[in-house]
Amino acid sequence: MNLNLDFSFLSWGLIQSFIVKGLIFSVELTIIAMLGGIALGTVIALMRLSGKPALALPAAAYVNVLRSIPLVMVILWFFLVIPLLLGQPLGAETSAIITFTVFEAAYYSEIMRAGIQSVSKGQVAAGYAMGMTYAQCMKLIVLPQAFRNMLPVLLTQTIILFQDTSLVYAIGAYDLLKGFEVAGKNFNRPVETYLAAAIVYFVICFSLSMAVRRLQKKIAIIR
Amino acid sequence: MGKFTWDWQVFLQDTGGGETYLRWMMSAWGWTISVAVLSLIVALLVGSLMGILRTTPSKPLVLIGNVWTELFRNIPLLVQIFLWYHVIPSIFLSLRSLPSFVLVVFALGFFTSARIAEQVRAGIQSLAQGQRYAGLAIGLTLVQTYRYVLLPMAFRIIIPPLTSEAMNIIKNTSVAFAVSIAELTMFAMQAQEETSRGIEIYLAVTGLYFVSAFAVNRLAALIERRVQVPGLLGAK
């Protein structure tokens, strides 16, 4: 054992100018990808459950393809292909936001599909019997319950998403991990830098997962 | 978008080191599979142990299992790989001579062990409590009860989630690019830069990931059929 840790180089000024900037981007990326991913994922789930092959097949292909490719490769693909399609270069941060939204939609859609399927058929039948259209049934009866049932799972996926944002390392975007690296670079203290990064990630993810667990218990009681 | 033309001959080009890109890619595939297989072994061993600890009647053992799971589940894999690469060797000096390949195997193995521990725990707890009591009542020790009564059923039940974990491990090997393991993603990044034929290279690499994950999936289905318990739902 040889442990001579010295965290003193991590001054408040350093944290403010390098690490907070990275944290803000990581959180921003997580929130945008969560909201966009859930919205897109819900549409994809509805397409898969529509019973129309013209909608269901492309949706299934979307989900299965994205779920079989490593996220790092998806990040690299988008970083390579989007500029080719746009005809102009795109910043790593913007590219990451698009990638994560599209990628997470595949995972959120599987959760939403399970949520929609967990609503009993009688509810939809009751909606139709009252003269509601398909869209009204979904919007007013099925989706609110599906969201509610799946809320803990959606949030757990979001914690995984937050952890995965560190993979933007592959294209050099400035996230929380990068913030630590930049802050620690001039001091040549990789041990403390990565330990500090791990602690910050752990504290954030652990408290979020505790919060989700409490929420889960609350929801379970109300139902 | 400019006019795009395929150029698959890029794979026959020399890398400058006396081998073709195709050969390099195949050796990278080998690294990916090696990291995945070895990490899976580590993850299964450690994950099973931790999962079992979490179901024992002993409070300290449960705590050890719980702390292990939370610790390895709440730190991103990339950060864990950096911890193994930068932090652990400077704390335990004897580990300094280990090649980064071994460090990545432990990083990915321990990361995955937390998820496997969770599944093993769930599998054991899904069994009726009576099975445990019956085992103890006929005079088996706790260890024997696990060995002959609980684990044979629990492991059969959790084959589907373990399968997706094995597929995840293949995908997660891609994170090893960060410490310069010569696996597929590292190959993709470097070859893309050297040849500027990113689309062809990424397509080939993505295809190899597909093939690997699919092979794991089929292999697991085979195992599942072989060990299924007669009389349970899902058994033929």
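How many residues does helix α3 of chain A have, and what does it reach from its first C-alpha to its last?

**View 1. Helix α3 of chain A in a predicted model.** Helix α3 (residues 71-86) has 16 residues and reaches 22 Å from its first C-alpha to its last, close to the 22 Å expected at 1.5 Å a residue (the expected span is 1.5 Å times one less than the number of residues). Helices (H or I, at least four residues) and strands (E, at least two) are DSSP runs, numbered from the N terminus. Just after α3(A), A:G87 takes a positive phi of about 80°.

In this predicted model, local features need pLDDT of at least 70 and side-chain atom pairs count only at pLDDT 80 or more, whereas totals for chains, interfaces and linings use all residues. Residues are numbered from 1 along each chain as its sequence is written, and chains are lettered from A and ligands numbered from 1 in the order in which they are written.

**View 2. Buried residues of α3(A).** Buried residues in this helix include A:L71, A:M73, A:W77 and A:F79. A residue is buried with 20 or more other C-beta atoms within 10 Å of its own, exposed with 12 or fewer, and partly exposed in between, C-beta atoms being placed from the backbone. The buried residues of α3(A) pack against helices of chain A, among them α2 (53-68), and also against α8 (184-195) and α9 (198-227) of chain B.

**View 3. B:A122 in chain B.** B:A122 is found in helix α4 (residues 100-125). B:A122 counts as partly exposed because it has 16 C-beta neighbours inside 10 Å. Between B:A122 and B:S90 lie 32 residues in sequence and 36 Å in space, C-alpha to C-alpha.

Technical notes
Contact = placed C-beta atoms within 7 Å.
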